[in-house]
Amino acid sequence: MIENNNILQQTSELLSDKTDLYRLLVEGVHDYAIFLLSPTGHVQTWNLGAQKIKGYKAEEIIGHHFSEFYPEETRASGFPDLELRLATKHGRFEDEGWRVKKDGSVFGLMLLSPLYLVQKEISCLVSLKSQET
């Protein structure tokens, strides 16, 4: 029993180390906005690239719906929810459309890719945006 507990402890430490390395990798990227969305489209994480590109600090945007990144007419049409449904259905969604920064300026390209749990239930979606306009 003690040996099993040691194996579990070592496995837990290894996973923790990998999580820390992944976090450092994502946080170190400054030319791309990388953030996770909940299955309902709410921002869950925010890297420094997202802050640089979109203009929001993490504490300003985490918990908000990602539709805030769309022009008003796009939000009114229901397109952000369509993106979530299509990403869920097809395993990926990519669209070249205008997105809005905190300061009101606009830029293009949005990519949504769902991340799955082992049970194939969506745990979150990852969103990537480049700095190019």
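## A salt bridge across the chain

Glu60 counts as partly exposed, at 30% relative accessibility (buried is under 20% relative accessible area, exposed over 50%, partly exposed in between, with a 1.4 Å probe and protein chains only). Lys102 forms a salt bridge with Glu60, and their closest N and O atoms are 2.7 Å apart (a side-chain nitrogen of Lys or Arg within 4 Å of a carboxyl oxygen of Asp or Glu). This pair links distant parts of the chain, 42 residues apart. Glu60 sits in helix 3 (residues 58–61), Lys102 in the loop between strand 3 (99–100) and strand 4 (106–107). Lys102 is also partly exposed, at 43%.

## About the model

This is a predicted model, where local features need pLDDT of at least 70, side-chain atom pairs count only at pLDDT 80 or more, and totals for chains, interfaces and linings use all residues. Residues are numbered from 1 along each chain as its sequence is written, and side-chain values use heavy atoms, leaving out hydrogens and water.

## Overall build

The protein has five helices and six strands (DSSP runs numbered from the N terminus: helices are H or I, at least four residues; strands are E, at least two). Their order is α-β-α-α-α-α-β-β-β-β-β. Of the 133 residues, 35% are buried.

## The other salt bridges

The structure holds three salt bridges. Glu83 and Arg99 meet at 3.1 Å, N to O. Glu83 is in helix 5 (residues 79–90) and Arg99 in strand 3, 16 residues apart. Both residues are buried.

Arg75 and Glu72 meet at 2.3 Å, N to O. They lie three residues apart in helix 4 (residues 72–76), about one helical turn. Arg75 is partly exposed at 30%, and Glu72 is partly exposed at 48%.
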